Amino acid sequence: MSQPAPLRKMLIVEDEKMLAKAMDLHFQKHGFQTTVCYDGQCGIDALQQQKFDSVLLDLILPIRDGYAVLEERKKTINKDVPVFVLTNLSQEESLTRAEAMGATKCFIKAKVSLNEVIDEIEAITKEMNK
């Protein structure tokens, strides 16, 4: 009898509560164990306290923004964990800045479905773990 694949731990940092709950449920259905934070400081705290396999991060957040989360992540046990930005910001400078600060890939919310995000995360993390 084979063992089920271990759950992949994901931190979701998203302040839009309805969207965060939808993301939480959707990722759980696809085999992720999720932790949800609704502001940047909570995200930073979670990164300092628990090891994750990946992070899904909004840039516009209360208390501390997504850029602060990216910066502070470098000082945590999750410094090498891939971060996927999912944001409403579509200006190239915002996305370039996030990638320069360590984001693995940026998605614009209006241009991508959660299934596409999951497919990309799975493909990228699989490639990184080879």
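**The cysteines and the sheet**

Analyst: In this predicted model, helix H1 (residues 17–29) lies across strand E1 (8–13), E2, strand E3 (54–57) and E4, and it runs at about 165° to E2. The sheet itself is open and is built from five strands in the order E2-E1-E3-E4-E5, with parallel pairing. Strand E2 (32–37) and strand E5 (105–108) are its edge strands, each of them pairing on one side only, and neighbouring strands are turned by 20° against each other on average, direction ignored.

Turning to the cysteines, the structure holds one disulfide. A disulfide is, in general, a covalent bond between the sulfur atoms of two cysteines. Here cysteine 37 is joined to cysteine 42, with an S to S distance of 2.4 Å, and the disulfide is left-handed because the torsion about the S-S bond of these two residues is about -55°.

Cysteine 106, by contrast, is in no disulfide, and the nearest cysteine sulfur, that of cysteine 37, is 19 Å away. With a relative accessible area of 14%, cysteine 106 is buried, because buried means under 20%. Threonine 87 has isoleucine 108, in E5, as its bridge partner.

Note on methods: Residues numbered from 1 in each chain as written. Predicted model: local features only at pLDDT ≥ 70, side-chain atom pairs only at ≥ 80, totals over all residues. Heavy atoms only, no water. Pairing = 2+ DSSP bridges. Helix = DSSP H or I, 4+ residues; strand = E, 2+ residues; numbered from the N terminus. Axes fitted to C-alpha atoms, helices over the stretch in contact; angles between N-to-C directions. Contact = heavy atoms within 4.5 Å. Disulfide = S-S within 2.5 Å. Buried < 20%, exposed > 50% of the residue type's maximum accessible area, 1.4 Å probe, protein only.
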